[in-house]
Amino acid sequence: MFIKTLMLDPVLFFRIVILMIFSISLHELAHGLAAISQGDDTPQKRGHITLNPVVHMGWQSIIFLCVAGISWGKMPVDPNKFRSPKLGNIIVSSAGPLSNLALGILCVILIKLIATGGIFSREFFYIAAHINVSLFLFNLLPIPPLDGFHVFSEIFPALKPLENTQFGLFALVLLFVIPEFAEGLGAISDLIIKTIMNI
């Protein structure tokens, strides 16, 4: 369990927890701002245009993050209010992952600019970049209820019936219990980060 990291390396534990909370909150806020841009005022009405992690994640998600290293967030939107339901859903769904990619790229730039040492060291920003690139890749998987599913189901409508089945839950559980998935996702994230660093 992730909680063991607290005993073995408390600095790393708190870095990951803080970065995950910030990154997920930013991810959800991006969804909300994108929804507003598409004509949906639901995020505003529900009080979700904030960086408050408790609003976006809830205490259960934050506690689960500290214990198991897995977390989630939620942004209330109403696709029926989008000016263009199809395009709006694609824009709003992709906004979250793209915010993580942008934050990951920013962290890579900071790695190049800052000196070593201190709380906000190169190591800190590498962890931040790794987390955000991983969130970007993970959320783009075409599995409900992930953002990638909403994007791909608009492009390939034949996928839409899967949204109301147990397929998504089964697929996610399967991915989390397969160690090779996390290792592969991490390796791809590292490759993307190193590629950006060499540009």
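Student: Leaving aside neighbours within four places in sequence, which residues is Ser25 in contact with?
Tutor: Ser25 is in contact with Leu51, Pro53, His56 and Met57. Contact means heavy atoms within 4.5 Å. Before we go on: this is a predicted model, where local features need pLDDT of at least 70, side-chain atom pairs count only at pLDDT 80 or more, and totals for chains, interfaces and linings use all residues. Residues are numbered from 1 along each chain as its sequence is written, and side-chain values use heavy atoms, with hydrogens and water left out.

Student: Where is Ser25 found?
Tutor: In helix α2, residues 10-37. Helices here are DSSP runs (H or I, at least four residues), numbered from the N terminus.

Student: Buried or exposed?
Tutor: Ser25 is buried, because its relative accessible area is 2%. The cut-offs are under 20% for buried, over 50% for exposed, and partly exposed in between, with a 1.4 Å probe and protein chains only.

Student: New topic. At what angle do α6 and α9 pack?
Tutor: About 115°, with the axes 9 Å apart. Helix α6 covers residues 122-139 and helix α9 covers 179-197. Axes are lines fitted to C-alpha atoms over the stretch in contact, and angles run from 0 to 180 degrees between N-to-C directions.

Student: Which residues of α6 meet α9?
Tutor: Tyr126, Ala129, His130, Val133, Ser134, Leu137 and Phe138. Their partners in α9 include Phe181, Leu185, Ile188 and Ile192.

Student: How do the residues of that contact divide?
Tutor: Into 10 nonpolar, four polar and two charged. Ala, Val, Leu, Ile, Met, Phe, Trp, Tyr, Cys and Pro count as nonpolar; Asp, Glu, Lys and Arg count as charged; the others, Gly among them, are polar.

Student: On to pockets. How much space lies in the largest one?
Tutor: About 1,800 Å³. A pocket is an open set of points on a 1 Å grid over the protein atoms alone, where a 1.4 Å probe fits, with protein on both sides within 12 Å along at least five of seven lines; lining residues have an atom within 4 Å of a point. Volume is the space filled by probe spheres set on the points, which are joined across faces, edges and corners.

Student: What lines the largest pocket?
Tutor: There are 49 lining residues, and Ser71, Trp72, Phe138, Asn139 and Leu146 lie nearest the centre. Helix α6 gives the most, with seven residues. The lining divides into 27 nonpolar, 16 polar and six charged.

Student: And what volume has the second largest pocket?
Tutor: About 210 Å³. Its lining has 16 residues, with Leu19, Phe120, Phe124, Phe125 and Ala128 closest to the centre. The elements giving two or more residues are α2, α5 and α6. Helix α2 gives the most, with six.

Student: Which peptide bond is cis?
Tutor: The one from Pro144 to Pro145, with omega near 5°. Pro145 lies in the loop between α6 and α7.

Student: What does Glu163 touch, not counting residues up to four places away in sequence?
Tutor: Pro144, Phe149 and His150. Glu163 is placed in the loop between α7 and α8.

Student: Why does Glu163 count as partly exposed?
Tutor: Because its relative accessibility is 39%.
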